[in-house]
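Keep the structure open while reading.

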Amino acid sequence: MRPRIIDRSRDEEFMRLALTLAAQGAALGEVPVGAVLVQHGEVLGQGFNRPIIDSDPSAHAEMIAIRAAAQAANNYRLPGSTLYVTLEPCSMCAGLIVHSRIERVVFGALEPKAGVVQSQGQFFTQGFLNHRVLFEGGVLAEACGAILSEFFKARRAKG
């Protein structure tokens, strides 16, 4: 098996786009998380958290971006793709990432309570999975963490 060649040259560019999406969600009162799915250098799907707007507990940024990408690709599998997300994915999103056959996940800030890529459980390294996902955290982590901190600070100030 050949080692995968990872192109990191545009990671910050795509994470900045995810941050822009997170800010759109924050403006609508949603927890500011943004996600962008890229395949062959092209954005196929993007989204921000919208569980409140959609009355849908599954409407996480990753879910929205992956659904849009699958529709654009006309395929429920997204091989060779990279998902950029401003916050470490939760268990629901990690499962979707595996089932979608996404090759790589790049995230910004750690999610110490519910993140399952590095913080809790290291989901992608589990032996029972039938697909291996490469992952990298900490891309623009300070900016990704700051948008969340500012959002929750403002929310607490409102009471």
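## Helix α4 and its cover

In α4, the buried residues are C93, A94, G95, I97 and V98. The model is a predicted one. Helix α4 covers residues 91–99. The cover over its buried residues includes α3, β3 and β4.

Just after α4 comes R101. This residue takes a positive phi of about 65°.

## The β-α-β unit

Strands β3 and β4 pair in the parallel sense, over 5 bridges. Within this pair, L83 stands opposite V105 of β4. Strand β4 spans residues 104–109.

Strand β3 also pairs with β1 (residues 34–39). Here the two strands run antiparallel, joined by 5 bridges. A35 has V85 in β3 as its bridge partner.

## Strand β3: buried throughout

How many of the residues of β3 are buried? The count is 7 of 7, for a strand that covers residues 81–87. In a regular strand, side chains alternate between the two faces of the sheet.

S81 sits in this strand. Its relative accessible area is 0%, so S81 is buried, the cut-off being under 20%. Leaving out residues up to four places away in sequence, S81 touches L37, V38, Q39, I102, E103 and R104.

## The nonpolar core

The largest nonpolar core holds 38 residues. Which of them touch the most other members? They are L37, I66, L83, I97, I102, V105 and F124. The elements that give two or more residues to this core are α1 (11–27), β1, α3 (61–73), β3, α4, β4 and α5 (141–158). Helix α1 gives the most, with 6 residues. In soluble globular proteins, nonpolar side chains tend to be buried together.

I102 is worth a look. Residues up to four places away in sequence aside, I102 touches L37, I66, L78, S81, T82, L83, I97, H131 and V133.

## The annotated binding site

An unreviewed UniProt entry carries a "binding site" annotation that covers H60, C90 and C93. These residues are spread over 34 residues of sequence, yet they cluster in space. The largest C-alpha distance among them is 9.3 Å. C93 is one of the buried residues of α4.

H60 lies in the loop between α2 (51–54) and α3. C90 lies in the loop between β3 and α4. Is each of these two buried or partly exposed? H60 has a relative accessible area of 21%, so H60 is partly exposed. C90 counts as buried because its relative accessibility is 18%, and buried means under 20%.

Contacts link the annotated positions. Leaving aside neighbours within four places in sequence, H60 is in contact with N49, C90, M92 and C93. Under the same exclusion, the contacts of C90 are H60, A114 and V116.

## Domain and overall fold

An unreviewed UniProt entry lists residues 9–136 as "domain: CMP/dCMP-type deaminase". Over residues 9–136, the chain is 34% helix and 23% strand. The end C-alpha atoms of this stretch are 13 Å apart.

The protein has 5 helices and 5 strands. Along the sequence, they follow the pattern α-β-β-α-α-β-α-β-β-α.

## Size and packing

What does the radius of gyration say about this protein? A compact globule with 159 residues would have a radius near 15 Å; the protein has 15 Å, so the two agree. The C-alpha trace spans about 55 × 30 × 30 Å along its principal axes.

Of the 159 residues, 43% count as buried. Among contacts with a separation of 6 or more, 58% come from residues 24 or more positions apart.

Note on methods: Residues numbered from 1 in each chain as written. Predicted model: local features only at pLDDT ≥ 70, side-chain atom pairs only at ≥ 80, totals over all residues. Heavy atoms only, no water. UniProt positions renumbered as here; feature names shortened; annotations may be inferred. Helix = DSSP H or I, 4+ residues; strand = E, 2+ residues; numbered from the N terminus. Buried < 20%, exposed > 50% of the residue type's maximum accessible area, 1.4 Å probe, protein only. Pairing = 2+ DSSP bridges. Right-handed = clockwise from strand over helix to strand, strands pointing away. Core = buried A, V, L, I, M, F, W, Y, C linked by side-chain atoms within 4.5 Å. Contact = heavy atoms within 4.5 Å. Rg over C-alpha atoms; globule rule 2.2 N^0.38 Å.
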